[in-house]
Amino acid sequence: MIMIASRKLIPLLLLAAAGYSQHASAQYAYTEAYKAYQLYNFEKAKPLFEKAYHKNPSAKAARGAADSYRLTKDYKQAATWYAHLWETRQFTPEDELHYAGILMNNQQYTDALTHLDHYLQANPDNKLAQQMKAGCLLGNQPQAMIVKGTLENMAALNSPYSDWSITRINEKYVFASDRPYKDIRKSAFFEHEGIKKKMYTWTGNSYLHLYETTGDSALIKPLEKRSVNGDYHSSNATYNANGSTMFLAITTFEKRASSVLGKDSILTMNIGIKEINRDDKERWMKAPKFPYNATLQYSLGDPWVNPSGDTLYFTSNQGPEHQGGTDIYYTVKKDEKWGEPVNMGMSINTPGNERTPAFDTEGNFLFASDGHPGLGGLDIFKAVYKSHQWLVTNAGTPVNSSHDDFAPAALDSSLYFASNREGGKGSDDIYRFRPAPVPVKPVFVISGIVTDRKTNRPLPEVQITLRNRITQTTIKIITDKDGHYQQPVDSGKYELSFHKTKYITIARDTLNTTTVNTRRNQQMEQPQLNKPIKIDNIYFDLGKSEIRPDAAKELDKLVVILQDNPTWDIELGAHTDSRSNDAYNMGLSQRRAAATVAYLVSKGISARRLTAKGYGETRLLNKCANGVKCSEEEHLRNRRTEFTILKF
């Protein structure tokens with residue numbers, strides 16, 4: 001017995017040792033991945049997190065891989081790894097919010113809505129999640145987002161790398177790129193800080209540098225070394241009107257300050273703003289240090305200066321009245337000194353990230369944000385200042401996509417911007433959008449308000465479809481928080497439908513745009529559960545259950561109602577009068593109810609939504625029971641077909 005027990009024990013010990021070895025290997029891979037992650041070396045961290053997960057499917061390994069792919073904008077891989085994290089059931093609310101954002105990047109708006117609704121159940125006051133939900137609703141109505149015009153990839157400027165932040169000065173375009181910068185002077189590898197000047201570990205590419213070109217020419221060259229392009233990032237060039245002053249975003253290496261950072265903390269060089277001026281020999285000369293830089297504590301970036309050079313807009317992740325993420329600020333120069341930064345306020349800034357501010361020639365404020373309702377990632381927005389406040393609108397498609405769209409610049413009567421959308425040459429490409437000429441013709445507008453029939457309160461988020469009955473084109477819009485809707489349209493005859501969850505759909509409401517402003521208000525009501533509704537004019541031949549042609553016409557109306565309200569489950573109930581015996585009437589009514597259901601199924605209504613129920617003479621509407629003398633009209637009232645909503 002002892003020998004047998006020993007022989008059984010040996011394999012178990014070997015298996016345990018193998019399991020321990022695998023766990024140790026997974027822990028080692030995770031530790032190395034996390035070290036790389038802390039140094040923003042995501043390209044190194046990704047395969048190590050994946051290796052750790054495959055050896056031991058832990059939430060922390062899945063989260064590390066998911067976050068690494070998210071931060072390097074690989075949305076498909078990020079979605080895969082957030083799904084793995086979800087499977088572990090050890091996700092955090094922050095994980096779920098990130099997952100919803102990634103699903104939006106992949107245009108999976110319905111799935112993103114599911115996660116956002118779940119997140120908002122526990123965090124109902126989270127403004128960022130609320131705005132993301134509004135963005136999903138935009139994503140589900142793409143036709144309403146289209147702005148007419150021509151979109152062009154600036155192929156001559158773009159590379160397989162990241163190209164963005166374009167501006168124009170002295171007939172030349174200036175933009176930033178992390179393409180290999182061959183001309184920069186050689187510099188050492190700072191092993192003690194984990195920094196390699198030739199490579200930015202976050203992306204695995206070169207640091208950003210500024211380049212210039214005449215436009216569509218293949219001749220692209222870097223701006224001056226030392227004065228403009230340094231060893232690290234240089235981007236977001238902006239000039240005053242005559243080009244004598246230039247601002248740009250930079251990173252520079254600074255020694256660790258023990259009074260600011262702990263002894264063992266990781267050194268992070270934040271972005272700062274640099275000002276340089278041209279001297280009388282057209283050379284760039286360094287200006288005094290921008291007073292609000294604090295690269296060891298926080299970032300300042302995305303500068304944009306007005307033509308007169310006395311107002312500078314920028315972004316920062318800290319500052320007065322900070323809303324969250326990065327906010328947009330401005331500062332005004334007086335007596336050669338920059339004033340205290342001013343936050344642009346809650347109409348512009350959100351708990352998300354606001355980036356890359358600029359103005360167009362008409363005074364409209366342009367910026368990018370992932371905190372206002374958008375299609376995913378950063379979207380470009382236009383703000384107009386009216387009645388002492390900024391009115392913000394999404395720039396629509398094709399400018400915006402489900403990926404990051406940012407760095408707007410109004411040049412040459414066109415909107416230039418950057419995007420990492422699919423179909424480009426690199427991770428970020430520069431695009432040009434030329435709006436279509438505005439046709440000179442009357443603008444017809446259909447507008448109105450949708451309210452609850454019972455309470456008379458306005459209904460928000462009602463989905464309205466407008467179909468032009470001549471061209472068959474459709475437009476989808478939603479009511480605002482006050483139940484209002486408004487949509488410019490071409491002249492013609494339109495068919496409107498109004499849909500909202502848990503309300504009865506209003507369909508095929510027709511109107512003609514005979515006047516410039518056509519108003520159509522609607523009231524919607526919620527269906528009542530388990531309340532029988534009579535279907536008029538449903539007659540059967542005496543003692544029979546076949547659907548007559550005249551009854552079929554009435555049932556076709558019910559088919560339309562069920563098509564318009566696809567979430568309804570109903571019961572079809574058939575009733576007889578009291579003549580004939582009770583058992584016969586019960587069987588006859590069941591056959592008639594079954595025939596009614598069969599007719600609806602033949603018209604495409606799912607049988608799973610329908611229940612047939614014969615009531616015979618058990619639910620008479622009047623006194624005409626067995627043995628009671630009644631007129632034919634009184635008996636007819638009891639012979640009826642009804643439907644009852646069981647679920648909506």
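This is a predicted model: local features need pLDDT of at least 70, side-chain atom pairs count only at pLDDT 80 or more; totals for chains, interfaces and linings use all residues.
In the largest nonpolar core, which comprises 40 residues, W81, Y82, L116 and C136 touch the most other members; such a core is a set of buried Ala, Val, Leu, Ile, Met, Phe, Trp, Tyr and Cys residues joined through side-chain atoms within 4.5 Å, where buried denotes under 20% relative accessible area, exposed over 50% and partly exposed in between (1.4 Å probe, protein chains only). Two or more residues are given to this core by each of α1 (2–38), α2 (42–55), α3 (59–71), α4 (75–88), α5 (93–105), α6 (109–122) and α7 (127–139), helices (H or I, at least four residues) and strands (E, at least two) being DSSP runs numbered from the N terminus. When residues up to four places away in sequence are not counted, C136 touches M104, Y109, A112, L113, L116 and G374, with contact taken as heavy atoms within 4.5 Å. A second, separate core of 20 residues includes W164, I169, V174 and A176.

Residues are numbered from 1 along each chain as its sequence is written, and side-chain values use heavy atoms, with hydrogens and water left out.

V174 of the second core has E212 in β6 as its bridge partner. Strand β3 (residues 172–177) is joined to β6 by 5 bridges, the two running antiparallel, and strands are taken to pair if DSSP finds at least two bridges between them. An open sheet of 4 strands has the order β2-β3-β6-β7 with antiparallel pairing; β2 (163–169) and β7 stand at its edges with a single partner strand each, so that one side of each is left without a neighbour in the sheet.

Across the whole structure, 34 aromatic pairs are found, rings of Phe, Tyr and Trp (its six-membered ring) being paired if their centres lie within 6.5 Å, with planes under 30 degrees apart counted as stacked, over 60 as edge-to-face and the rest as tilted. The rings of Y40 and F42 have centres 6.3 Å apart and planes at 65°, so this pair is edge-to-face; Y40 is partly exposed, at a relative accessible area of 34%, whereas F42 is buried at 1%. The pair of Y207 and Y232 is likewise edge-to-face, because the centres are 5.3 Å apart and the planes stand at 80°. Y207 lies in the loop between β5 (195–196) and β6 (209–213), and Y232 in the loop between β7 (220–222) and β8 (234–239), so that distant parts of the chain, 25 residues apart, are linked.
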